[in-house]
Structures are given as structure tokens and as C-alpha cells.
Amino acid sequence: MKNKKGFTSIELVVSFVIVSAIVIGLFDVILNYQNKQQISSYESSINAYINEMTKLLEDDFIMRKLESVTITSTSSATFTYANQKDGSTTSQLFVQIADGAIRYGKTGELLRYSIPKIPDLKISSCTLQIQNQFFLLEIIFTHPNFQVDKKLKIAAPIQYRA
Amino acid sequence: MHCKKNKGFVLVETLIVSVFIMMTLSLLYANLVPVVAEYERRENYDSVSMKYIAHWARKMLIDKGKENAFSLVDGYLEVTDCTNYYQDPTFCENFLKVNDISNIYVVPYSLTEFKSYVKTSGRFSRSMQEYIATLPNYENKPNAFRVIVEAKDPTTDVISYGTIEVIR
């Protein structure tokens, strides 16, 4: 004979409790995953920015042949190259810590490279120095959710001769 | 009168389907894990900064390296000793220091033999073994070598690797 009985209220309550527990558990997992995903996307953005700036500076140091560096302040420097670019043999670099940007280019025509628009991301320090005929640049980027600070670090030889 | 069949799955049917699904999932997992691991490794090695360090190491080897800097022994050569392998040891020492370089290797362009040597010789660190395993084998090229640099990645401060080809 066909069983026409529905669920009992106890069965329904037990099912609801189990489904609710699973949903709450999944919600926590998804929320946690979402946070991790966001931090990872922040890290990718800042890594892309660091790569872009590294390429920009290193390509000039290599292709135009870095002849001399004058450090004009704790966060700015002037470079002189053996080879011209856009009719000039010099370039300037300004690290604007408060504005969160790096400005670089031909003297008087500097281009502004802003750090990615990420809440709480900032440039925390900038070090420029010349050590044993190498120009050393270190810019540190911090974010409260990064486990390790990100660094733009370049060591380029000055007056490199074959 | 037609009688409706109300039976569900029997135990054997359920078990067979479960085993089939589990096998498919385990196969997927086994194939996916190495792909993810390789992606992660590639993300950590040969970064833009490491490529530029490798570029300067290559330049130093070509411009300031002695003749013996490309005389491979056991299929590779560690050229980190500035006095033995470079005409300008001071520049070499400064270069290693400012870039936190721990080792520079010159290896053949084709990595097939070097890869198996790294795996079996026990002379290389685990991180180096892992890095080498991620590289393609490459076809042999005349007068071509590879420079492999082991240094602290400037962006992350973690030991990393970078490689670049050298044509002599």
C-alpha cells in the first residue's frame, strides 16, 4: 500500500538544524576565503607596480648606461646617462612618500606613477645610497594585511665598463 | 493493473557509483595538485628583479670573467669565487654583496643532463632542486650556456632563483 505520510515535525526540525549548521559553516569558510582572495589581489597589484617600476628604472640604467648619480635628498636623485633619450642625458627620480607616488623621467617632464589604489597601502620608507660604485634604491610598501612588507629594491652599477 | 516500482537504489548500485565518483575525484586531485604547485613555484622564481640580477651576473661573466669561467666540470660550474673566475674581483665582490647573491652557476644551455645531476648528486639545496625541476629542458644551442643565480629576491627577501642565457 502506498505510504502517504509526510515528514514528522521532529524529522523537519532535525533537517533544519543540520542544514542551518552546514550553511553557517560554509558561510564562515566563504567569508574567510573572500578575505584571503582580496589580500592576494592586493599583493598582485603591488607586485605588478613594483615590476613595472623596476623595469622602467633598470631598462634606463642598462640601455642608457648609468654614468653618475647625485642624491639630492633622502627621496630624490638625479641620474646622468651616457646615452640620450628624448634629447636628454639626465633623468630625475622623486619618491613622494606622503602622496604614495614615484615620479621619474626627463628633467622638467617627470611622469607620475601612483601606487595602486588600495585602502591603507602606503610607501613607508625610501632609501637612496651609493655604495662601492653601486646605486642602491629601496622603497618599502606596507599594508596592515600583508604578512611581509613589499620592496622595490634595485642595485645598479655606476660607470660600468666592460 | 500496472504496479508502480517504488524501490530506490540498491546498496551495490550506490557503492559502485560512489567508488566511481571517488576514483574520478582522486584522479582530478592527483593531476591538479602538481599543476597548482608548479604555478606557485613559478610565481616565486624568475621574478622581474631576479631576471635583472641574472642579467648583471651574465654581463659580469662575459665582460670580466676569466677563460675558465665557462670550463664546466661535472656538467656545471659554480662561479661564485671572485678571485678565481673574474678579472675584477672587487667589482664581483661588491656585486654579490649588494644583491645578496649566495651562488652563481654556469650550466649548459640544454638542462636535460644537469637536471638529473641536480636530482641525484646530493650537492644542491632542496630549493635549488625544486627550482631546476620547474625549468624546461631546452634544446642544445652551440656556444650557449645558462647562468643561474641564487639570491634573496629583492621584493620578498626570500631565497629565490633567476636564470638567463649566455651566448659566447
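Which element gives the largest share of the lining of the largest pocket? In this predicted model, the answer is α1(A), with seven residues. The pocket itself holds about 890 Å³ of space. A total of 23 residues line the pocket, and those closest to its centre come from both chains: E43(A), N47(A) and K150(A) on one side of the list, E43(B) and N44(B) on the other.

Besides α1 (9-63) of chain A, two elements of chain B put two or more residues into the lining, namely α1 (11-44) and β4 (159-167). Seen by domain, chain B contributes at least three lining residues from domain 1 (11-44) and at least three from domain 2 (46-167).

Turning to helix packing in chain B, helix α2 (residues 48-64) sits against helix α4 (residues 89-98), with the two axes 12 Å apart and at an angle of about 170°. Angles over 145 degrees count as roughly antiparallel, so that is how α2(B) and α4(B) run relative to each other. On the α2(B) side, the contact is made by I53(B), W56(B), A57(B), M60(B) and K64(B), while α4(B) supplies F91(B), C92(B) and F95(B). Seven of these contact residues are nonpolar, one is charged and none is polar.

Technical notes:
Residues are numbered from 1 along each chain as its sequence is written. Chains are lettered from A and ligands numbered from 1 in the order in which they are written. This is a predicted model: local features need pLDDT of at least 70, side-chain atom pairs count only at pLDDT 80 or more; totals for chains, interfaces and linings use all residues. Side-chain values use heavy atoms; hydrogens and water are left out. Axes are lines fitted to C-alpha atoms, for helices over the stretch in contact, and angles run from 0 to 180 degrees between N-to-C directions. Helices (H or I, at least four residues) and strands (E, at least two) are DSSP runs, numbered from the N terminus. Angles under 35 degrees count as roughly parallel, over 145 as roughly antiparallel, 65 to 115 as roughly perpendicular and the rest as oblique. Contact means heavy atoms within 4.5 Å. Ala, Val, Leu, Ile, Met, Phe, Trp, Tyr, Cys and Pro count as nonpolar, Asp, Glu, Lys and Arg as charged, and the others, Gly among them, as polar. On a 1 Å grid over the protein atoms alone, a cavity is a set of points where a 1.4 Å probe fits but cannot get out, and a pocket is an open set with protein on both sides within 12 Å along at least five of seven lines; lining residues have an atom within 4 Å of a point. Grid points are joined across faces, edges and corners, and a volume is the space filled by probe spheres set on the points. Domain bounds come from an automatic or database domain assignment.
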